[in-house]
Amino acid sequence: MVLGRKVLMKGNEALAEAAVRAGCRFFAGYPITPQNEIPEYLSHRLPEVGGTFIQAESELAAINMVYGAGGAGARAMTSSSSPGVSLKQEGISYMAAAEVPGVIVNMVRGGPGLGGIQPAQSDYYQATRGGGHGDYRTVVFGPATVQEAVDVMGQAFALADKYRMPVVILGDGMIGQMMEPVILPEPVDPATLPLKTWITRGAKDRNPNVINSLYLDPEKCEALNLRLQAKYQEITATQQMAEIAYPGSQYYVVAYGTTARICRMAVTEARANGLAVGLIRPITLWPFPTDSFEKVMDDAKGFLTVEMSLGQMVDDVRLAVNGRTPVYFYGRAGGMVPSAEEVLIEIEKMTRGGGR
Amino acid sequence: MKGYVFFEEDRCKGCQLCVPICAKGVIRMSNRINIRGYHPAEAATPDDCTGCGLCARMCPDTVIRVYREATAKAGKG
Amino acid sequence: MARNWERPKGAEIVYERPEALSDTVTHYCPGCTHGIAHRLVAEVLDELDVRDRTILIASVGCSVLAYNYFNVDAQQAAHGRAPAVATGVKRTSPGSVVFTYQGDGDLAAIGTAEIIHAAMRGEKITTIFINNAIFGMTGGQMAPTTLVGQETTTTPAPTGRLPERAGMPIRVCEILSQIDGAAYVARQALNNPANIAKAKRSIKKAFEAQINGHGLGLVELLSTCNVNWKMSPGDALKWLESNMIPVFPLGVFKDWAEAGSGSGRSEVAAG
């Protein structure tokens, strides 16, 4: 492919190609709608670059394979959709605790339970609160376009390696299935990446490396937790990503992913009608871009959070706003997608001082 | 065949699995108490040891080391 | 590693602790055959001279601390998942020798899917499967391999395990030997030196199945848990012989080197 040339690609496939170009050489996954193009694409693409593709017996097995591959030094990835990501929570907790890097892609669908196959954003809590057991976090990206998804894939692997932790990319069926023009990044050769000294490759002429998360002594377990927290604090201070459209506005809509594209249409319409409305679009969902809220707080009178859920990210907005202005919420659930018209109605309610 | 047997007493957990294994009855449990609070096994009659090594192969804690006089040597040196 | 042992002058070594076994005294109960199993694996790693490229995938059970007892790189796996973790390691580093060490809960309860599919894929890994018919670490609950009538904390007296409530024990070797990707499947016992010697030979073959690129090698080792069986170590070995061997027959169920292997059990080839 010619560098810099735009190609039209389906989101799932673009994500998969971006992973390979970021140096991913191990993928394990299990079929589940709406992300099947990711394993299907990688089943022929990874062997082309000498990588490993495994269709695992379950999502649970897949995350454990990623844990093993990451422990042995590979850039490893798995993908799934909501019910399958629930199965992965044990493995993600282990990766966080044992400090093993890896990337997990979740193409969120309507839930809870078996749910539906239409897009949703109802896994925000699971992704940003450390959805498995224990006190941990994962970096979470919420890309809004196929290009952005491609771009964050490289960052995801880089951050995973730098901080030795799992990183989640939260997409949905729209991003996965839509076709958009993308510019693919230049491939990274994993052989050129810095050598990892902590991995398991055989204890030749050195003491054994042990990758472990068992700490029976509570003092040591607390020390681990404090070490992880220090890492998370550094990430929070340095890795926040967000877009602010129309800073200096009096009102803001807060949305991420494909919902943000719908909200942008509503914001444009509202501004055309004379309303001083902007858009805050988190790109990292963890760390949540609280800095962006500080930037606009002086003039802000209200924030309307719009999600394809019944209210998850709105908690983080409330925490960021910290009572200084009202926070409103509008959401659809179960795979229903809000329309720009619905959002516009809510924006107007907010500017009149009302709304949910 | 002359054998030599050594017990690293502080590893022993007093499980007694080695005692009935020895065909020569060399091993017994001592009255001492080791650092772990167990009565360790010991060679009561080490001169009877033939160096068969079965006690070491039964021991779960690699307490026992076994040696024997080198075979096929014309003169002892 | 430097071990300053007193060796009689002019004597040949019959037995010393293998290099692949660390000096750390284990936390296993007195008489627990985990110690024997660990030792046999370490001896085989030394004899095959693969210690410095071996990776242990530790599982969850009494052997959860196994990484303290082997002088090899190790990765701790979640309960039951060791074959999946091993798959990730081996496919990433095919030149490594990767083995899992799992108990009857880890492999035959929560991890049944993972071991079967690792075998299905013919993963070049080795699994040491410790079957002591009980969940040891958590205090003696029923295992999938608990015998009918056996008392455990979840199959209490006076009936012990009742088939109508809790089914009957599962025979892992018989199941796995039917899978084409399993290259070597054997069941041995650790109750006496003769069986221990056979066990070691099977363990060696299970590692050779991996090293020579044939597929998955698994050795089921009938083992004791004298504390949770509420017996002395010596009595536990006798109980194993009288009660477990009739239910879990010893032998080689699959050997890639033998034509027609996998259709039955070969006692003659048990060594």
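In this predicted model, 28 residues of chain B meet 28 residues of chain C. Chain C also touches chain A, with 28 residues of chain C in contact with 34 residues of chain A. Chain A itself is divided into domain 1 (6-238) and domain 2 (243-351). A nonpolar core of 193 residues is the largest in the model.

**Where chain B meets chain C**

- Three elements of chain B each supply at least two residues to the side that touches chain C: β1 (3-7), α1 (54-58) and β4 (64-69).
- β4(B) gives the most to this side, with six residues.
- By class, this side of chain B has 15 nonpolar, six polar and seven charged residues.
- Strand pairing also links the two chains: β4(B) and strand β1 (residues 11-15) of chain C pair in the antiparallel sense, over four bridges.
- Within that pairing, B:Tyr67 has C:Ile13 of β1(C) as its bridge partner.

**Chain B on its own**

- Chain B has one helix and four strands.
- Read from the N terminus, the order of its elements is β-β-β-α-β.
- The C-alpha trace of chain B spans about 45 × 20 × 20 Å along its principal axes.
- Chain B has 77 residues, and 44% of them count as buried.
- Take the contacts in chain B with a separation of 6 or more: 61% of them join residues 24 or more positions apart.

**Where chain C meets chain A**

- On the side of chain C that touches chain A, the elements giving two or more residues are β2 (54-58), β3 (73-76), α2 (82-92) and α4 (112-120) of chain C.
- α2(C) gives the most to this side, with eight residues.
- The residues of this side divide into 12 nonpolar, 10 polar and six charged.
- Strands pair here too: β9 (residues 210-211) of chain A runs parallel to β3(C), and two bridges join them.
- A:Ile211 stands opposite C:Gln75 in that pairing.

**The two domains of chain A**

- The C-alpha centres of domain 1 and domain 2 of chain A lie 28 Å apart.
- Their contact takes 27 residues from domain 1 and 22 residues from domain 2.
- On the domain 1 side, at least two residues come from each of α6 (124-128), β6 (139-141), β7 (166-172), α8 (173-177) and α9 (218-238) of chain A.
- α6(A) provides the largest share of that side, four residues.
- By class, the domain 1 side has 14 nonpolar, 10 polar and three charged residues.

**Strand β11 of chain A**

- In a regular strand, side chains alternate between the two faces of the sheet.
- Strand β11 (residues 251-254) of chain A is covered on both faces.
- A:Tyr251 and A:Val253 are buried on one side, and A:Tyr252 and A:Val254 are buried on the other.
- β11(A) pairs in the parallel sense with strand β12 (residues 277-282) of chain A, over four bridges.
- A:Tyr252 stands opposite A:Gly278 in β12(A).
- Between β11(A) and β12(A) the chain passes through helix α10 (residues 257-272) of chain A, and this β-α-β crossover is right-handed.
- β11(A) also runs parallel to strand β14 (residues 302-307) of chain A, again joined by four bridges.
- A:Val253 stands opposite A:Leu304 in β14(A).

**Nonpolar cores**

- In soluble globular proteins, nonpolar side chains tend to be buried together.
- Among the 193 residues of the largest nonpolar core, A:Met153, A:Val253 and C:Leu56 touch the most other members.
- Helix α7 (residues 146-163) of chain A brings the largest share of this core, nine residues.
- Domain 1 and domain 2 of chain A each contribute at least three residues to this core.
- Leaving aside residues up to four places away in sequence, C:Leu56 touches C:Ala66, C:Tyr67, C:Phe70, C:Val72, C:Ala74, C:Phe99 and C:Tyr101.
- A second, separate core has 25 residues, including B:Cys18, B:Cys22, B:Cys49 and B:Met58.

Terms used: Residues numbered from 1 in each chain as written. Chains lettered and ligands numbered in written order. Predicted model: local features only at pLDDT ≥ 70, side-chain atom pairs only at ≥ 80, totals over all residues. Core = buried A, V, L, I, M, F, W, Y, C linked by C-beta atoms within 7 Å. Buried ≥ 20, exposed ≤ 12 C-beta atoms within 10 Å, placed from the backbone. Domains from an automatic or database assignment. Contact = placed C-beta atoms within 7 Å. Pairing = 2+ DSSP bridges. Right-handed = clockwise from strand over helix to strand, strands pointing away. Nonpolar A, V, L, I, M, F, W, Y, C, P; charged D, E, K, R; others polar.
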